[in-house]
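Let's take a quick look at how charged side chains pair up in a protein model. Have the sequence and the 3D view ready.

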Amino acid sequence: MFTREQILALLDSDVAASTDPELGVLTEAISAALSDRGSYTRDELSRLVEVGRAVSTERDTRVALTAELDGLAVALTDPTPEPVVEPAVTTPDPVPVAASAGTVSQLAGHRNQPLPPNDELPPAAVIVAAGGSPGGGRTDGTPISNVVELGSRMESAWRGTSPPANGAVFNRAAQKQWDAAHRFTQDSGESNYRTLRTVYEQAQAAARDSVYKGSGVTRTLQAASGICGPSEARYDFLSLTSTDGLIDLPEVGLTRGSVQIPQSTTYQDLRLEAGVGQSYTSANGVAGTTKSTFTVACPGVTTFNLTGWATILRFSNFQGQFFPEYVADTTQTALAAHAQKVNNGLLDAIIADANTLTYSTSDKGGGAFTQFIRQVTFHVWLYRDKYRLARDTILDVVFPYRALGAIIADVAARDSTTTAGLMVASAISQLETEIGARIQFVYGLMEMLDAPGDFGDEVYDALVYPAGAVIRITGETLDLGVVRDSTRNAANEFETFTETFDAVATTGYEIMRLTDMVLCPNGETGSRVTITCTSGASGS
């Protein structure tokens, strides 16, 4: 137990010059002080926070340096062989590729795919002798031509293995050569928690090359037989939940919990008022007609309140102490899910303030792309006309993200093309320029918890409003970080707490909500009719 005087004295320690045990003592002292923070002045508490941050930064720096030193040590003791150019192999039946222990990243990054016709097959995979194992009579990187030779190599590697001092020992008998751009080597110095992310990134890079560059068939990698060591423990997770697909709104920060916005007067508010834009003829003057007057009242004021969105996670002390990777992964995923759920709430608020228009699909013709262009163009023009906006006024048009998939599928059906996605992206960009709109495809506008059978099995909603007429209001984030108290400590637990404050505010202009729009990806282009000139019309 630390006394108050001991804790204050420890705050003068040189953090950078302290050993790991000394940093541990300092951490315990700060934790003890924070548990009894009422016994300290504001300046002393500020000093506690400052030193605590310095200790945390110093620990992170030392962890990074240790990982780098481990990697250097492995590189110095077991250097990676120089890449070998793949020789041409003419054997018609490629040998299954042997993968040594330590190639789990390669195993996770590749999967079986259907082979193309024989005349389109890429060169067969090459198996080469691996470094780091005794015997076999082969130089590292030398191609192994058949299964018998591979078995001989594995037997030699096994016979040349010395009894381990502790744990298991691994010797590589053979390895597959990868293209240099996708080669990934894991050594014993690599941090466990980074491995799966590296596997994922390597797999994504290879897949992108295959999709966009036509690099050929992904080759199959199979684990080698005869490696009988104990399983290797992994402590990493693959966090893919993201903050992509959120609605893009102009943002205004508030220092208070609410804001009052006067509702703007629109053309529709004045269109039927007799006192605005009235005609008055000489006959009216002779008749003594009195001109009408429009009495302007004070504008309506709407109050918009911020909503708190909290994320509270509870972990056991054992999880925090002995499985920090799990705590970090869960926290990262929870914060991304937090942002997505806030996005859903903002969209719900916009829809609640919208004027719903059911879109009629009768006698429209054409496939999904034709319908999409017709709907977007018509309602952008309708909005400008209805409110007499400047003709270069930009309108926001918001569609569900999956509607973009229906459009791409429709273009593919229409043109039998494999580049439909690129064509659609270019066409939508051009459409935005031509009609003066900003088109967004967002998550959360229509939740799809259970997927329908196909794009054509559902209808779509969309939102149309002038850019800037809907605003996101925010407050400062309340982030308490790790929270410990006597109750949680007694239960061997701790919590993390964060809360954001978000809402939407509108300015009085209509938000059009379009519903029941069908985007059927059947590839149709719409009807073409003959235009006949009427009598007396002329043309060239």
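Predicted model: local features only at pLDDT ≥ 70, side-chain atom pairs only at ≥ 80, totals over all residues.

Residues are numbered from 1 along each chain as its sequence is written, and side-chain values use heavy atoms, leaving out hydrogens and water.

**Helix H2**
- H2 covers residues 20-35; helices (H or I, at least four residues) and strands (E, at least two) are DSSP runs numbered from the N terminus.
- From first C-alpha to last, H2 reaches 23 Å, close to the 22 Å expected (1.5 Å times one less than its number of residues).
- Among the buried residues of H2 are Leu23, Leu26 and Ile30 (buried is under 20% relative accessible area, exposed over 50%, partly exposed in between, with a 1.4 Å probe and protein chains only).

**Salt bridges around arginine 62**
- The model has 14 salt bridges (a side-chain nitrogen of Lys or Arg within 4 Å of a carboxyl oxygen of Asp or Glu).
- Arginine 62 pairs with aspartate 20, with the closest N and O atoms 2.7 Å apart.
- Arginine 62 is in helix H3 and aspartate 20 in H2, so this pair ties together parts 42 residues apart in sequence.
- Arginine 62 also bridges to glutamate 58 at 2.8 Å, N to O, and glutamate 58 is buried at 16%.

**Other salt bridges**
- Aspartate 396 and arginine 438 form a salt bridge, at 2.8 Å.
- Aspartate 396 is buried at 1%, while arginine 438 is partly exposed at 29%.
- Arg314, Arg488, Glu493 and Glu495 are linked in a salt-bridge network.
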